Amino acid sequence: MALRNILKVETEEPALRKRSREVAMIDSRLLTLLDDMAETMYAAQGVGLAAPQVGVLKRVVVIDVGEGLIELINPVIVYCKGEQINIEGCLSVPGKNGKVKRPEKVIVRARNRKNEVFELKAEGWLAVACCHEIDHLDGKIYTDKVIEYVELENSNQNGSEAK
Ligand code: ZN
């Protein structure tokens, strides 16, 4: 495993604005990518990371909101319900946090590393993380949707809940 460099909006926005491609085959390179992304996310104290944030335009996401690692390959949101407003941050936008409106509940259909299709039922903070990361796969950044920026006390360099 290895740490990957996280692209920042300030200097690498064009790369972060591209649409990522579907994964056609889950091979050893893809498994290495998944491992590296998880390691990079934990090292950066983030709760989610999308492959385009490490410069790989593939539809791959890792999330851990404190309930264990979730790996999503070719994730699609197939159901949304309700809404919530939470404060988000992003590992690609260090030093900023803002309020964003997201669905309260989502169901995400994806493949796991064994190439099995599964559905993830997510609500609350996990639903936020899913939406935030899947947006990255389409070149969208949470700052596009910010209602209001906020100053967080005790926030680390990357914000307290950076994705
Ligand atoms: Zn992000």
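Colleague: How many bridges join strand β6 to strand β7?

Modeller: First, a heads-up: this is a predicted model, where local features need pLDDT of at least 70, side-chain atom pairs count only at pLDDT 80 or more, and totals for chains, interfaces and linings use all residues. Residues are numbered from 1 along each chain as its sequence is written, and side-chain values use heavy atoms, with hydrogens and water left out. Strands (E, at least two residues) and helices (H or I, at least four) are DSSP runs numbered from the N terminus, and two strands pair if DSSP finds at least two bridges between them. β6 (residues 105–111) and β7 (residues 117–123) run antiparallel, and the bridges joining them number seven.

Colleague: Which residue in the turn of that hairpin has a positive phi?

Modeller: β6 and β7 form a hairpin with five residues between them. In the strands, isoleucine 107 stands opposite lysine 121. The turn residue with a positive phi, about 70°, is asparagine 115.

Colleague: Which strands are at the edges of the five-strand sheet?

Modeller: The sheet is open, with antiparallel pairing and the order β1-β2-β3-β6-β7. An edge strand pairs on one side only, and here those are β1 (48–50) and β7.

Colleague: At about what angle does helix α2 run to β2?

Modeller: Helix α2 (residues 28–43) lies across β1, β2 and β3. Angles run from 0 to 180 degrees between N-to-C directions, using lines fitted to C-alpha atoms, for helices over the stretch in contact (heavy atoms within 4.5 Å). For α2 and β2 that gives about 35°.

Colleague: In the sheet β4-β5-β8, why is one side of β4 and of β8 left without a neighbour?

Modeller: This is an open sheet of three strands with antiparallel pairing. β4 and β8 stand at the edges, so one side of each is left without a neighbour because each has a single partner strand.

Colleague: What is the geometry of the zinc site?

Modeller: Donors are N, O and S atoms within 2.8 Å of the metal (3.2 Å for Na, K and Ca). The protein ones here are Cys90 (SG), His132 (NE2), His136 (NE2) and Lys163 (O), 2.0 to 2.4 Å from the zinc ion. Four donors count as tetrahedral if all angles lie between 85 and 135 degrees. The angles here are 94 to 120°, making the site tetrahedral.

Colleague: Is lysine 163 buried or exposed?

Modeller: Buried means under 20% relative accessible area, exposed over 50%, and partly exposed in between (1.4 Å probe, protein chains only). Lysine 163 has a relative accessible area of 0%, so lysine 163 is buried.

How values were computed: Four donors count as tetrahedral if all angles lie between 85 and 135 degrees; four count as square planar and six as octahedral if opposite donors are over 155 degrees apart and all others between 65 and 115; anything else is irregular.
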